[in-house]
Number of protein chains: 2
Amino acid sequence: MGAPYSSSLLVRYRLTLGDGDSGETRALRLASEQTSELTPDLVPASAQPFLGRVLGVESTEPGVTIATIALPAEAARGDLAQLLVLLFGNASLQPGVRVESVEWPADSLARFAGPAFGLAGLRELAGVRERRALLCGAAKPLGLSSAELADRVGALARGGADLIKDDHGISDPPCSPFAERVARCQEAVSQANQATGGSALYVPNLAGPAAGLVGRIERLLQIGCRAALVAPLALGLETVREIAGSSGLALLAHPALAGAFFAPDHGIAPEILLGDLFRMAGCDGVIYPHEGGRFPFPAARSAALTEHLRGPLGRLRPAFPVPAGGIAAERVPDLLQELGSDTIFLIGSALYDEPDLERATGKVAAFLREARR
Amino acid sequence: MGAPYSSSLLVRYRLTLGDGDSGETRALRLASEQTSELTPDLVPASAQPFLGRVLGVESTEPGVTIATIALPAEAARGDLAQLLVLLFGNASLQPGVRVESVEWPADSLARFAGPAFGLAGLRELAGVRERRALLCGAAKPLGLSSAELADRVGALARGGADLIKDDHGISDPPCSPFAERVARCQEAVSQANQATGGSALYVPNLAGPAAGLVGRIERLLQIGCRAALVAPLALGLETVREIAGSSGLALLAHPALAGAFFAPDHGIAPEILLGDLFRMAGCDGVIYPHEGGRFPFPAARSAALTEHLRGPLGRLRPAFPVPAGGIAAERVPDLLQELGSDTIFLIGSALYDEPDLERATGKVAAFLREARR
């Protein structure tokens with residue numbers, strides 16, 4: 001029986017039991033739901049190797065069962081979207097199922113190239129030779145013209161931001177159409193770099209209708225962009241993986257829609273979804289809402305996510321955690337202590353809350369440059 | 001102030017209030033989170049037309065506020081994934097936010113072609129001239145060889161299923177690789193059709209790495225397939241829209257991952273996600289877990305979803321509701337009364353629970369043919 005399971009995902013699911021539910025029964029039902037979609041007695045012998053298998057159940061608190069289930073990684077092969085479906089596709093429609101942890105088999109991980117740049121490559125793109133944390137600013141708000149956004153991008157670059165990303169809500173609105181906006185903003189960053197001698201990177205939001213995606217990537221490359229912002233749960237994990245693998249652009253991932261998966265008793269642990277899966281999709285940095293900002297994201301999750309982005313994962317390059325979501329500039333010293341220098345601090349709205357955007361950026365940038373270890 | 005809002009989404013959000021939250025404050029914060037990502041006082045005058053606007057708040061039960069918010073549809077233009085992000089992207093990361101209803105502006109709806117076939121077109125593809133409900137069977141389980149699956153597909157077709165879909169977990173596993181499987185199953189359906197004089201449609205699962213998507217579609221067209229199964233939340237709404245608009249294949253949508261959005265106090269109402277959005281993506285039929293099966297999906301949601309799939313939505317063609325998720329064959333008469341003849345009944349595992357698959361299929365198929373009105 002060993003052979004098929006040499007390439008299994010080992011998934012720990014947290015199951016919230018309803019009245020009269022048995023943990024064992026729920027686990028067995030989940031294992032078949034995610035694979036055969038038949039009760040096990042209807043699965044022919046020839047299909048048994050692909051049937052999910054319950055390796056153990058344990059009760060850690062009343063009404064909750066932790067089930068360890070082996071799922072056939074080969075069912076998804078090198079298709080990351082199908083791997084997500086294998087983990088949680090129909091499970092999402094059952095009540096109280098949460099993916100707590102996943103052990104990825106080596107041959108499954110080997111199918112995914114992961115970040116094309118990673119920590120070292122993205123540092124190099126942004127011209128940061130010393131080992132210090134990076135600062136990312138944001139072009140905002142939606143509704144400004146391309147020229148107005150470019151002014152702000154220029155100020156952020158002159159102030160010393162290493163990266164300047166578009167807000168993820170700015171894609172191709174009539175007030176700042178994609179082609180015009182990215183050209184103006186890229187130009188603003190180039191001019192700022194010439195003035196400062198820096199290498200700030202503009203990170204435009206890459207979204208828009210599927211049919212135009214290749215054309216938009218070509219446009220970015222033509223004007224000299226080296227990075228882009230993507231929302232993997234909107235675009236699809238496989239679309240992002242394709243962009244990461246073939247475009248030559250470094251990718252920052254935005255967590256839009258991810259909160260749907262973060263209920264305490266239903267969904268996918270953030271370090272699996274934003275950590276392992278986004279990294280397997282080839283994201284070089286992953287934006288997430290750090291605790292203490294506008295979004296309720298507990299410290300324990302941040303710590304696990306950071307570990308999953310930077311720690312070992314097959315032979316995949318490590319990716320930057322990009323704490324965000326309403327981080328005040330005053331918090332950066334403490335956060336740097338907590339998160340270390342392999343971090344990109346995304347300070348968006350806080351920099352606009354001061355009278356001079358360039359100056360506000362300069363203060364944080366100077367701190368990070370001086371704090372390098 | 002009227003002009004920008006001539007093209008607004010009017011969204012009713014259900015907000016669950018935390019201790020000390022005010023409904024008005026939560027609504028204002030959500031409106032700016034989904035657009036400017038800045039506190040309203042930091043939004044320049046030129047960007048105000050794109051700032052979400054709270055049109056009203058009402059309290060329907062203690063601790064809950066219903067906020068009606070106008071969002072600038074033009075921010076997403078014809079990009080369905082970006083429209084989903086506009087509705088719920090960052091909102092997903094706030095606690096207790098549920099999209100209850102959306103009024104789509106006519107010019108926004110007009111950007112989406114919707115189902116290429118719709119009710120009438122899919123009926124025609126399946127050779128069903130009379131106005132009766134359709135029967136869909138499922139090729140399963142994952143783990144069988146292509147030949148074994150083709151045997152089952154043939155039995156379902158001979159039994160009188162109008163459509164036979166792959167399980168959504170069967171994509172390109174080593175035991176039944178995509179190209180081999182779809183060729184065998186399509187051949188089995190063709191042979192069955194020749195024997196019965198019928199026009200059953202094989203609906204293969206279209207998934208797999210993004211880079212090979214065009215090739216897989218070409219393969220399906222070459223072997224004579226006219227329809228495919230897609231999982232829009234795995235592939236991405238825009239990828240599905242592109243397939244619907246350009247491939248010539250009719251699309252059945254699978255709800256994999258959708259349950260992440262269906263918490264009672266957080267997410268998106270199923271009739272918006274599986275109804276409006278999947279229909280705008282061009283799905284001709286949408287599979288959903290009907291109540292009374294393996295998944296907890298209340299009747300009220302089924303009724304609303306059915307209405308959103310078949311009722312008026314701009315000029316988009318209506319789509320089939322495809323109730324599924326463990327429907328027993330004995331329930332079909334009652335469900336037909338409830339749902340009417342513009343329905344595809346997906347009876348998957350229940351048909352395998354009987355000794356003879358073809359015969360079991362035949363019983364349900366005969367009932368639907370005789371019950372036509």
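# A first look at chains A and B

Let's start with one pair: Glu58(B) and Arg12(B) form a salt bridge, with their closest N and O atoms 3.3 Å apart (a salt bridge is a side-chain nitrogen of Lys or Arg within 4 Å of a carboxyl oxygen of Asp or Glu). The pair links distant parts of the chain, with Glu58(B) in strand 2 (residues 53–61) and Arg12(B) in strand 1 (residues 8–16) of chain B, 46 residues apart. Helices (H or I, at least four residues) and strands (E, at least two) are DSSP runs, numbered from the N terminus.

This is a predicted model, where local features need pLDDT of at least 70 and side-chain atom pairs count only at pLDDT 80 or more, while totals for chains, interfaces and linings use all residues. Residues are numbered from 1 along each chain as its sequence is written, chains are lettered from A and ligands numbered from 1 in the order in which they are written, and side-chain values use heavy atoms, with hydrogens and water left out.

**Where the two chains meet**

- On the chain B side, 76 residues are in contact with 76 residues of chain A (contact means heavy atoms within 4.5 Å).
- About 6,000 Å² is buried between chain B and chain A, and carbon and sulfur atoms give 62% of that area. Buried area here is the accessible area (1.4 Å probe) that two parts lose on being put together, summed over both.
- The rule finds five salt bridges across the interface of chain B and chain A. Glu37(B) forms a salt bridge with Arg294(A), and their closest N and O atoms are 4.0 Å apart.
- Between chain B and chain A, 24 residue pairs are in polar contact (both at pLDDT 80 or more). A polar contact is a pair of N or O atoms within 3.5 Å; within protein, one must be able to donate a hydrogen and the other to accept it, and residues adjacent in sequence count only if both atoms are side-chain atoms.
- Several helices of chain B each supply at least two residues to the side that touches chain A, including helix 3 (80–88), helix 6 (146–159) and helix 10 (237–246).
- That side of chain B divides into 40 nonpolar, 21 polar and 15 charged residues.

- Thr239(B) sits in helix 10 of chain B, and at 13% relative accessibility it counts as buried. Buried means under 20% relative accessible area, exposed over 50%, and partly exposed in between (1.4 Å probe, protein chains only).
- Leaving out residues up to four places away in sequence, Thr239(B) touches Ala210(A), Leu235(A), Thr239(A) and Leu213(B).
- A polar atom of the Thr239(B) side chain lies 3.3 Å from the backbone oxygen of Leu235(B).

**The inside**

- The largest nonpolar core has 233 residues, and Trp104(A) and Trp104(B) have the most contacts inside it. A nonpolar core is a set of buried Ala, Val, Leu, Ile, Met, Phe, Trp, Tyr and Cys residues joined through side-chain atoms within 4.5 Å.
- Setting aside neighbours within four places in sequence, Trp104(B) is in contact with residues including Leu83(B), Leu87(B), Ile272(B) and Met280(B).
- Helix 3 of chain B is largely enclosed by the rest of the structure, because nine of its nine residues are buried.
- At the start of helix 3 of chain B, a side-chain oxygen of Asp79(B) reaches to within 3.1 Å of the backbone nitrogen of Ala81(B).

- Over all chains, a search of the whole structure finds 37 salt bridges.
- Asp167(A) pairs with Lys140(A) at 3.6 Å between the closest N and O atoms. Asp167(A) is in the loop between strand 6 (163–166) and helix 7 (178–196) of chain A, and Lys140(A) in the loop between strand 5 and helix 6, so the pair ties together parts 27 residues apart in sequence. Both Asp167(A) and Lys140(A) are buried.
- Arg26(B) and Asp21(B) meet in a salt bridge (3.1 Å, N to O); Arg26(B) is buried, with a relative accessible area of 4%, while Asp21(B) is partly exposed at 29%.

- A cis peptide bond joins Lys140(A) and Pro141(A), with omega about 0 degrees, and another joins Lys140(B) and Pro141(B), with omega about -5 degrees.
- Leu257(A) has phi near 75 degrees, a positive value in a residue other than glycine, and counts as buried at 1% relative accessibility.

Terms used. Ala, Val, Leu, Ile, Met, Phe, Trp, Tyr, Cys and Pro count as nonpolar, Asp, Glu, Lys and Arg as charged, and the others, Gly among them, as polar.
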